[in-house]
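Colleague: I have not looked at this one before. Can you walk me through it?

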Amino acid sequence: MKNLIYTALFGSIMMFSSCDDVEVPATMAMDISLEHVLDGQTLELNGKSFTLPSGEDFTPKKFKYYISNVALRNSVSGETYVEPNSYHLISEDGKKSIDLGMIPSANYDQLTFSIGVDEVANGKTDQTGDLDPNSDMAWNWNTGYKFVVLEGEFTNSNSGERQGLIIHIGTNPNFRTVTQSLTGVIAGSPTSLTLTSNLDELFKDPNILQLSELESTTIMFGEMAGKVAENYSEGFITVK
Amino acid sequence: MKKLSKLILSLPLVWACTSGEDPVISEPKIHYYIPEVSSTLQVAGFPQPERNMLSEEGVALGKRLYFDPNLSGNGKVSCATCHSPSLAFTDGLALAKHGVSGKGLHRTSPPLFNLAWQSEGLFWDGGAHDLESLNFAPLTHPDEMGADLNELISYLESDPVYKEQFEFVFSEGQIQSAQISRAISQYVRSLISQDSKYDRWKRSEAELTELELTGYQLYQKNCSSCHQEGLFTDRSFHNNGLDKAYPNPPALEGLYQGRFRITSNPEDMGAYKTPTLRNIVLTAPYMHDGRFQTLEEVLDHYQNGIQVNETLAPALSEGIKLSTTERVAIIAFLNTLTDSLFIQKHQK
């Protein structure tokens, strides 16, 4: 106990006495904003047509996903900040930012986050905040959340007809964690990070989705959902 | 009189101050409780999620919500519409059309009791992990109650009695969808059927007739491997030979494939939850889609209607052969599983 008091005392002396040019505040503001891009252009819903990697033209109508368990780390010193209760519903027509508030100061050089909702949180839906089942992201007949939702209309290259596309990916095996390097984050300085969600990556790398050749363009479970999850595990959301 | 009550109210405050402590106004307490569980259910304790422990006030709120048709999109459908207490919380229909849209459902309404012990998943295919998660399905499905959760919350917020009940039970300023489901879950979890003639017989409070006893022995020999004594279900999922093949129209998202729809495990193709035999006489029609109107039809199916395919429950590969007198006996026994006390107790 005494040691603790001395440490605290010493710590505060350090803080007050180091008022020269080297002082680093204990905390720093951090926020993350997200940009949605398809075919090299800013995403728009219900109007504009985009070209998919497979060549079909596509009009997006809904795009929503969960980012969870956000953590920042300095890979040299090991200093780590893990956001508590970290579940963020991001959507093209809604929230496109994550405000981490004031976090402990460090020269963070790594950002880790997950796409989807972890197994514990995915095991029940009577939850609040961004996990409130009123957001149309909860599955009611098969308990859990949709991790990534993309809906829209495309032109079938065989028939020339307009056809609906529904991609709802969830279930624990499709939960993915991504780590990205950061540059230029300076301990104590307010920082705004930007992430880019590149929708092309849902349709390629490593699995090419040729919509016009698919047996069903409602992709929810099973093998096809797993392929989309493989696609979004790398390159889908990246630090700008 | 008014003055007097004010005086009495202020007494503890004054008293608390004079005793040298901070004045504390004691909050009314929530009455948590564990229901009594009969040994005849053959279960250990009363399992409930830590985040939603049963309280008298929670159950009362849940009960009010359960019977309130204003929860539905058109103000006409309550939980009790499809799960009526007088039919052991079923509706007596195969595929009901009394939801908000008037469209027929694809599954029959299952009875609601002894669900605290249904640990392997709810719904006919086990897709819901717990009651708290399940409730959002019937509440919001357009062919069932068709509620918009945000509108539902405005309705409850605007009713001062609901508002007070929610605040009391959940101690939060704002009603949230999670609380609605939790309250309903508390009520449903409190529904325990354990006082049938069978239970009283097991507790040496009643006697079975000779015919009923013969039926009991036939049940043990032929039915108890799946309809395990106690809860009268093994809480598991089996293909009981209803269909040979399982069509999969894309619009229904695997609905005819049974538990396979949930697990993607080929062994679960065509498998459905073993329903309890408790109150079975009250819960016709039978099977997940209500295809059999009577218990006789069910026995016919097990005797000579079994459709054999690779996922059929091995115990049923030869069917269940019963003579006419054996059938009479087994049905007499099934009648002893009707719990009139439970039905009376839970009339609205």
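Modeller: One term first: a salt bridge is a side-chain nitrogen of Lys or Arg within 4 Å of a carboxyl oxygen of Asp or Glu. By that rule B:Arg182 forms a salt bridge with A:Asp126, with the closest N and O atoms 2.7 Å apart. Keep in mind that this is a predicted model.

Colleague: How many salt bridges does the rule find across the interface of chain A and chain B?

Modeller: Two salt bridges. The rule also finds nine residue pairs in polar contact across that interface, both residues at pLDDT 80 or more. On the side of chain A that touches chain B, the classes are three nonpolar, eight polar and three charged residues.

Colleague: And what area is buried between chain A and chain B?

Modeller: About 1,600 Å², and carbon and sulfur atoms give 48% of that. A:Asp126, A:Asn140 and A:Trp141 supply 42% of the area that chain A buries against chain B, more than any other three residues. So A:Asp126 is in that trio and also in the salt bridge with B:Arg182, given the 4 Å cut-off.

Colleague: How many residues does the contact take from each chain?

Modeller: It takes 14 residues from chain A and 20 residues from chain B.

Colleague: Switching to chain B on its own. Which domains does the assignment give?

Modeller: Domain 1 covers 39–189 and domain 2 covers 197–345. Their centres, taken over C-alpha atoms, are separated by 25 Å. The contact between them takes 32 residues from domain 1 of chain B and 33 residues from domain 2 of chain B.

Colleague: What is the buried area there, between domain 1 and domain 2 of chain B?

Modeller: About 2,700 Å², with 61% from carbon and sulfur atoms. In domain 1 of chain B, the residues that lose the most area to domain 2 are B:Thr40, B:Trp124 and B:Asp125, together 25% of what that side buries.

Colleague: Which residue forms a salt bridge with B:Asp125?

Modeller: B:Arg261, with the closest N and O atoms 3.6 Å apart. The count between the two domains is one salt bridge, and there are eight residue pairs in polar contact, both at pLDDT 80 or more. The side of domain 1 that touches domain 2 has 16 nonpolar, 13 polar and three charged residues.

Colleague: How many helices and strands are in chain B?

Modeller: Chain B has 14 helices and two strands. Its C-alpha trace spans about 80 × 55 × 30 Å along the principal axes. Of the 348 residues of chain B, 51% count as buried.

Note on methods
Residues numbered from 1 in each chain as written. Chains lettered and ligands numbered in written order. Predicted model: local features only at pLDDT ≥ 70, side-chain atom pairs only at ≥ 80, totals over all residues. Heavy atoms only, no water. Domains from an automatic or database assignment. Contact = heavy atoms within 4.5 Å. Buried area = accessible area lost by both parts, 1.4 Å probe. Polar contact = N/O pair within 3.5 Å; in protein donor to acceptor, adjacent residues only side chain to side chain. Nonpolar A, V, L, I, M, F, W, Y, C, P; charged D, E, K, R; others polar. Helix = DSSP H or I, 4+ residues; strand = E, 2+ residues; numbered from the N terminus. Buried < 20%, exposed > 50% of the residue type's maximum accessible area, 1.4 Å probe, protein only.
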